[in-house]
Amino acid sequence: MSNTLFYDLNLADLTELLAGWGQPAYRAKQIWQGVYKNFWASAEEFSTLPKPLREKMTAELTFEPLTPSLRLDSSDGQTRKTLFRLADGKQVEAVLMRYDKRRTLCISTQVGCAMGCTFCATGQMGFFRHLSSGEIVAQVMHYARLLHAEGQAVTNVVVMGMGEPFHNYDNTLAAIDRLNDPDGYHFGARRFTISTSGLIPAIERFTREKRQVNLAVSLHAAEDSLREGMMPVNKRYPVRELIRACREYVHATGRRITFEWALIHGVNDTPEEARKLAALLRGMLCHVNAIPLNPTTGYQGQATTRERAEAFRQTLEENGIPCTIRMRRGIDIQAGCGQLASRAGETNPDLTTLPTTREL
Ligand code: SAH
Ligand code: SF4
């Protein structure tokens, strides 16, 4: 019999499962809190439970679906990236960034991605499968446990790792809801940010659901002609309609939206592009996060320079659009989206040849 992944269950599911074992509801709550409040990750740690119940838990439930296969720490020690092997042997990565008092996690929602953005390492891999809600939750709990052991805690979660979260909408939002459970980990919805390449029907659903979760949209170009070549999804959901959906989101929720822009030298980092972008976003409660392109093997474009990035930011701000240039972080460990997993997939047999590798 195959085991149930603990993190795939809600408290109600767990209560039902335990009822089937002849256990009262309070036992389910004890287990739930042991995992989400005490960060226990194996049946043995539940020393207050009767031994037969612990044995049953070990036999029927999986608490550790993720096997770290590689761990990389950036040279400044602030970024840690872990490549996890899943039960079926597929791999995903999740990153912990420690800056000032923030402890931000970047988590994955799919193995690979079907959107095929040309500049993205995950897009270059293609799509393998969705992660279950539990596989998404487990990434957070892995790092929550690690930080807990150091007397620290996760402060923010960005759903910006491998995959398109809105292509796996139900599992992604179920994972967020589970982590948000007041009886469990109780991680505030406002501390999550979901990033999407612009799947309009999902943005509309998200708007209707009026969630507290922050929304980021990967734009990268202000006109269809340029965006189409970078992001095939634009053929289905063109810029104008996308921006309309974004405006409706802001209007309905009153929440500020973030637009992401990977600055590519000579492609989308010119003052002219900045002006087009400002015109597109005029009057919207929004913010632009611009990041110099991370290099990937499958894409020829080059990162912008510091000067050009600064000029881009200035032009946007002069035209009324707030913009931050994000520093490239953890670049020496290929912490840019999907970079490690795709490279590991390519050269799979010898992971230790990667730079600054520290094997577990
Ligand atoms: N699929 C979602 C979330 C994961 S990608 C999305 O596309 O929004 C997270 C962010 O990294 C997106 O803004 C994406 O466009 C950006 N990105 C992908 N490849 C990049 C690269 N090589 N350099 C810089 N940013 C990149
Ligand atoms: Fe997928 Fe996002 Fe990469 Fe595009 S940028 S291929 S949507 S992960």
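A polar contact is a pair of N or O atoms within 3.5 Å; within protein, one atom must be able to donate a hydrogen and the other to accept it, and residues adjacent in sequence count only if both atoms are side-chain atoms. The structure is a predicted model, in which local features need pLDDT of at least 70 and side-chain atom pairs count only at pLDDT 80 or more, while totals for chains, interfaces and linings use all residues. Residues are numbered from 1 along each chain as its sequence is written, chains are lettered from A and ligands numbered from 1 in the order in which they are written, and side-chain values use heavy atoms, with hydrogens and water left out.

Arg-178 is part of helix H6; helices (H or I, at least four residues) and strands (E, at least two) are DSSP runs, numbered from the N terminus. A polar atom of the Arg-178 side chain lies 2.6 Å from the backbone oxygen of Tyr-7. With a relative accessibility of 5%, Arg-178 counts as buried, where buried means under 20% relative accessible area, exposed over 50%, and partly exposed in between (1.4 Å probe, protein chains only). Apart from its neighbours within four places in sequence, Arg-178 is in contact (heavy atoms within 4.5 Å) with Tyr-7, Asp-8, Leu-9, Asn-10, Trp-32, Tyr-36, Ser-133, Gly-134 and Val-137. Arg-178 and Asp-8 are 170 residues apart along the chain, and their C-alpha atoms are separated by 9.0 Å.

Helix H1 spans residues 11-20, and its buried residues are Leu-11, Leu-14 and Leu-18. They lie on the same side of H1, because they cover an arc of only 60° around the axis, the arc being that of the directions from the helix axis to the C-beta atoms. An α-helix has 3.6 residues a turn, so residues three or four places apart point the same way. The other side of H1 has Ala-12, Glu-16 and Gly-20 exposed. Helix H2 (25-36) is included in what covers the buried residues of H1. Gly-22, which follows H1, has a positive phi, near 80°.

In helix H3 (residues 51-60), the buried residues are Leu-53, Met-57 and Glu-60. Their arc around the axis is only 85°, which puts them on the same side of H3. Exposed residues Lys-51, Pro-52 and Ala-59 are carried by the face turned away from this buried side. The cover over the buried residues of H3 includes strand S1 (4-5), H2 and strand S2 (61-62).

Ligand 1 has 18 residues around it, of which Phe-119, Ser-195, Ser-218, His-220 and Asn-294 come nearest; a residue is near a molecule or strand if one of its heavy atoms lies within 4 Å of it. By class, this shell divides into 7 nonpolar, 9 polar and 2 charged residues. Here Ala, Val, Leu, Ile, Met, Phe, Trp, Tyr, Cys and Pro count as nonpolar, Asp, Glu, Lys and Arg as charged, and the others, Gly among them, as polar. A nitrogen atom of ligand 1 lies 2.9 Å from a backbone N or O atom of Gly-163. An oxygen atom of ligand 1 is 3.5 Å from a backbone N or O atom of Thr-196, and an oxygen atom of the ligand is 2.6 Å from an N or O atom in the His-220 side chain. On its own, ligand 1 has 530 Å² of accessible area, of which the protein covers 94%. Strand S10 (192-196) and strand S12 (257-263) are the elements that give two or more residues to the shell around ligand 1.

Around ligand 2 are Cys-113, Met-115, Gly-116, Cys-117, Cys-120, Gly-123, Gly-163, Glu-164 and Ser-197, a shell with 4 nonpolar, 4 polar and 1 charged residues. Cys-117 is in the loop between strand S7 (110-112) and helix H4 (121-125) and is buried, at 11% relative accessible area. Leaving aside neighbours within four places in sequence, Cys-117 is in contact with Gly-123, Gln-124, Met-230, Met-231 and Pro-232. Glu-164 is in the loop between strand S9 (156-159) and helix H6 (169-180) and counts as buried at 3% relative accessibility.

Notes
Accessible areas come from the Shrake-Rupley method with a 1.4 Å probe; for residues, only the protein chains shown count as cover.
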